Amino acid sequence: MIGISACLGGVLCRYDGQVKTVEPLKRLVEQGAAIMVCPEVLGGLPIPREPAEIVGGDGYDVWRGQASVVTNTGKDVTEDFKNGAILAYKKLKEQGITQLITKEKSPSCGRHTIYDGQFSGQSKTGVGVATAYFLQQNLIVLSDEEWLAQQGRKLEK
Ligand code: SF4
């Protein structure tokens, strides 16, 4: 059993009320081989919600108290993001999950890349708030892109 970002599994939980379905991951959920978590929704944020970005660093910096998560209208949602990460981890731990596939570029779920904190559409290197927490708890986290590349390589063999 693995964990996945809920928007990859077909849940309309993104900030814009949309989804980022990755069909093979959705199938894993249907087969009972994956469970879905959406840290932002678990943190109490609504669907849809204002887009948010990490300002002043990345997810690790948020946990160090050196960066915050702010919406495009300037609302600070750092605590919602942190609470959601902790609740998502709890849910994963209850299921004995040690590996996750998360949505690249998300301020919660980004694995290697997040947006630059200026709502410019540009991305930068860094992890999201939930991903930073999961990694700190020694979970293995792959991005959707990495996972798909890995699956492709397996198929080639
Ligand atoms: S917080 Fe993660 S699971 Fe939820 S919508 Fe954003 S990328 Fe998807």
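## Helices and ligand shell in a predicted model

H4 is followed by glycine 96, whose phi is positive, near 70°; helices here are DSSP runs of H or I with at least four residues, numbered from the N terminus. This is a predicted model, in which local features need pLDDT of at least 70, side-chain atom pairs count only at pLDDT 80 or more, and totals for chains, interfaces and linings use all residues. Residues are numbered from 1 along each chain as its sequence is written, and side-chain values use heavy atoms, with hydrogens and water left out.

| Helix | Buried residues |
|---|---|
| H4 | Thr78, Phe81, Lys82, Gly84, Ala85, Ala88, Tyr89, Leu92 |
| H5 | Val129, Ala130, Thr131, Ala132, Tyr133, Phe134, Leu135 |

Seen down the axis of H4, its buried residues fall within an arc of 160° (taken from the directions from the axis to the C-beta atoms), so they line one face of the helix. Helix H5 (residues 129-136) is mostly covered, with seven of its eight residues buried, and H5 is followed by asparagine 138, whose phi is positive, near 70°.

Around the ligand there are 14 residues (a heavy atom within 4 Å), the closest being Ala6, Cys7, Cys38, Glu40 and Cys109.

Notes: Buried means under 20% relative accessible area, exposed over 50%, partly exposed in between (1.4 Å probe, protein chains only). Helices (H or I, at least four residues) and strands (E, at least two) are DSSP runs, numbered from the N terminus.
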